[in-house]
Amino acid sequence: MAGHSLPKYTGGFSTQLKYKNFDLSASFFFAAGHSAMNYRAYQQYDFTTLDRGDYLAGVKEIFFWQSGNVPMDYPRYNALSGVHPYREDQDLYLEKLSYLKLRSITLGYTIPMPKHKVYVYVSGNNLFTVSHFSGDDPELVDFDGYYRGYGMGIPRSVTMGVRCSF
């Protein structure tokens with residue numbers, strides 16, 4: 001057994017800054033000390049075994065058009081050799097999942113008016129992730145510690161708005 005599928009450390013921090021009529025707030029989340037088996041990388045490199053299978057994972061069109069792994073990260077074997085060089089449970093595919101995410105950030109400005117208050121803002125959610133993980137999103141690891149690439153991450157979004165009070 002190697003690695004842990006659950007993070008040893010999780011947490012978050014947020015900040016709110018104000019200067020005159022401007023305000024900026026940001027919220028971050030982090031997880032550290034856990035690993036996952038990158039099953040998706042295994043599928044890309046063990047294509048000859050998958051080609052012989054009669055199950056859905058053998059359909060190349062699902063993921064093979066996407067780039068997600070750096071080919072130089074994994075040693076190359078002769079795919080037609082009688083030796084089965086790639087196995088899904090090799091630590092070759094064990095990757096660290098530690099990450100830091102910007103969950104939300106908002107920049108706003110209060111327009112000074114004598115009788116009314118107008119607040120203009122722009123807000124972004126899930127804008128970036130800092131991680132060395134080669135998959136799409138380190139939060140999309142299954143309960144068993146495998147990253148299969150089938151999950152749907154939290155979408156990025158940007159919202160602009162105006163709030164008026166009379």
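1. Helices (H or I, at least four residues) and strands (E, at least two) are taken here as DSSP runs, numbered from the N terminus. On that basis the protein, a predicted model, contains two helices and eight strands. Their order along the sequence is β-β-β-α-α-β-β-β-β-β.

2. Residues are numbered from 1 along each chain as its sequence is written, and side-chain values use heavy atoms, with hydrogens and water left out. As the model is predicted, local features need pLDDT of at least 70 and side-chain atom pairs count only at pLDDT 80 or more, whereas totals for chains, interfaces and linings use all residues.

3. The accessible surface (Shrake-Rupley method, 1.4 Å probe; for residues, only the protein chains shown count as cover) amounts to about 11,200 Å², and carbon and sulfur atoms hold 59% of that surface. Of the 166 residues, 33% are buried, that is, under 20% relative accessible area.

4. Among contacts (heavy atoms within 4.5 Å) with a separation of 6 or more, 68% join residues 24 or more positions apart.

5. A nonpolar surface patch of about 1,000 Å² includes Leu17, Tyr19, Phe22 and Leu24, as well as Val158 and Met160.

6. Strand 1 (9–19), strand 2 (22–32), strand 6 (117–131) and strand 8 (157–165) each contribute at least two residues to the nonpolar patch. Strand 6 gives the largest share, four residues.

7. Leu107, also one of the patch residues, lies in strand 5 (residues 99–112). Leu107 counts as partly exposed because its relative accessibility is 43%, between the limits of 20% for buried and 50% for exposed.

Methods. Patches are made of residues with over 30% relative accessible area and no salt bridge: like charges are joined within 9 Å, nonpolar side chains (Val, Leu, Ile, Met, Phe, Trp, Tyr) within 5 Å. A salt bridge is a side-chain nitrogen of Lys or Arg within 4 Å of a carboxyl oxygen of Asp or Glu. Buried means under 20% relative accessible area, exposed over 50%, partly exposed in between (1.4 Å probe, protein chains only).
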